[in-house]
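Q: I'm new to this one and would like to learn how to read its charged pairs. Could you walk me through them?

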Amino acid sequence: MTFVVADNCIKCKFTDCVPVCPVDAFYEGENFLVIHPDICIDCGLCVPECPAEAIFQDSHLPESQQHYLQLNAELAEVWPNITELKPAPEDANEWLDVPNKLPLLIK
């Protein structure tokens, strides 16, 4: 079991979830965060901290977001680890709840 960062994080990239992770399982791209599935201990501490409500347990990932499970695994292998809170992008709130942001993901 692992937790997965899904679509609503793209372009929002709030990092409130990062400092509560006891195993430093978050990795950072330019406009998205991912969780490394082999490091995540399925504690769920990150879920209530995410202002974008973009983190799901893999078994509760909406059908339309299933591709994010593989995407998190792939990008966690190439992106740098993040362990501290950082400011969100200035326009993060404008991107909250905008659907289908995958084409905007910068890999």
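A: Start with the term: a salt bridge is a side-chain nitrogen of Lys or Arg within 4 Å of a carboxyl oxygen of Asp or Glu. Bear in mind that this is a predicted model, where local features need pLDDT of at least 70, side-chain atom pairs count only at pLDDT 80 or more, and totals for chains, interfaces and linings use all residues. Residues are numbered from 1 along each chain as its sequence is written, and side-chain values use heavy atoms, with hydrogens and water left out.

Q: How many salt bridges does a search of the whole structure find?

A: It finds two. In one, the side chains of Glu 28 and Lys 13 meet at 2.8 Å, N to O. Glu 28 sits in strand 2 (residues 26-28) and Lys 13 in the loop between strand 1 (3-5) and strand 2, 15 residues apart. Strands here are DSSP runs of E, at least two residues, and helices are runs of H or I, at least four, numbered from the N terminus.

Q: And which side chain meets Lys 86 in a salt bridge?

A: Glu 28 again, at 2.7 Å, N to O. Lys 86 lies in the loop between helix 1 (67-76) and helix 2 (92-95), 58 residues from Glu 28.

Q: What do the shared partners join?

A: Lys 13, Glu 28 and Lys 86 form one network.
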